[in-house]
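Subject: Structure handover

Hello,

Please find the structure below, followed by notes on what was found in it.

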Amino acid sequence: MALHSSPIKSNDVRLPEPQPGEALVVERYSAEHVKAVILHPDDFAELQGNSELLDDLATTSDLSDLGVRAHRIAESPEGDLIDDEASVRRLLGL
Amino acid sequence: MSLTPGEVYWAIVPYTPATPFKIHVADATPVEVPSASQIVDGLRKGGDAEFEFVVRAKARPVLLLSGRSDPRTGDLFALRLLRLEKLSSQERQRVEEYREPTLLPLPPKRFPDLADSAAMVTAPIRLHETALDTRKSLGRLDRKEMRALVERFVSYWQFDLRQLLVAQIRELQHRRKTR
């Protein structure tokens, strides 16, 4: 999934100014609970670019009509069901 | 149906058929057969004949390895779970500390309605969507945990993805140059 951005006006929040190459990690209660990470715009652009590249590379192959048909063929009974005991035992040599 | 990889649902899951196989016969107890070859030979003698097998099944929680489902087939791909209470305390600790590559523990805080469990990398199952109780998800692994699980799965089953990776790296290099 590509990284997308959600703009917030600078008047609405008070944030420190990160330096390029620096990630400011906002912790809640302890270092285990990270609430947000603040990046320099250049670093975010790099991260977003990489994210988009990787997302574009994700390839999936779709199920074709032939694939669906093959599936139906494989899942359809082909012959008679044998469920009388004598016939079952005879076929199995029991 | 909208499903997400890493989600856990209750499902009807058969045990994997193994010897002795049990063949259903009308109005009698199932016929037990000790080997697969005996059944193969018997059915080949009978042309397109088919047997109905008796397979034990139960309701189990399963983890969806893929969120992909196609209404034309209804197929889903999932992993069975193991309840950690079935293990010794030492074994359980090994799993909970992520030291057992074939068992990925499910974080209890995200699966509150599920007994402490681990996803079994060695036990993939194919399910029909109608065998899944989709009324309520029992929780979901996050993306990072799903990546770890998929990596373990690919590694255990020895899928050879090297050429795919090489092709993707080359494509990545090409796109970086043209950006």
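In chain B of this predicted model, strand β1 (residues 8–14) pairs with strand β4 (residues 57–64) in the antiparallel sense, over 7 bridges. Strands here are DSSP runs of E of at least two residues, helices are runs of H or I of at least four, and both are numbered from the N terminus; two strands pair if DSSP finds at least two bridges between them. β1(B) also pairs with strand β8 (residues 132–133) of chain B, again antiparallel, over 2 bridges. B:Ala11 takes part in both pairings: B:Arg60 stands opposite B:Ala11 in β4(B), and B:Leu132 is its bridge partner in β8(B).

On conventions: residues are numbered from 1 along each chain as its sequence is written, while chains are lettered from A and ligands numbered from 1 in the order in which they are written. As the model is predicted, local features need pLDDT of at least 70 and side-chain atom pairs count only at pLDDT 80 or more, whereas totals for chains, interfaces and linings use all residues.

Chain B has 4 helices and 8 strands, in the order β-β-β-α-β-β-α-β-β-β-α-α from the N terminus. Helix α3 (residues 143–156) of chain B has 14 residues and reaches 20 Å from first C-alpha to last, close to the expected 20 Å (1.5 Å times one less than its number of residues). Just after α3(B), B:Gln158 has a positive phi of about 55 degrees.

The C-alpha trace of chain B spans about 70 × 45 × 35 Å along its principal axes. An automatic or database assignment divides chain B into domain 1 (8–14 + 58–178) and domain 2 (18–54), with C-alpha centres 33 Å apart.

Which elements of chain B give two or more residues to the side that touches chain A? In total, 26 residues of chain B are in contact with 20 residues of chain A (C-beta atoms, placed from the backbone, within 7 Å). The elements in question are β3 (31–33), α1 (36–45) and α4 (162–178) of chain B; α1(B) gives the most, with 5 residues.

Regards

Methods. Two residues are in contact if their C-beta atoms, placed from the backbone, lie within 7 Å.
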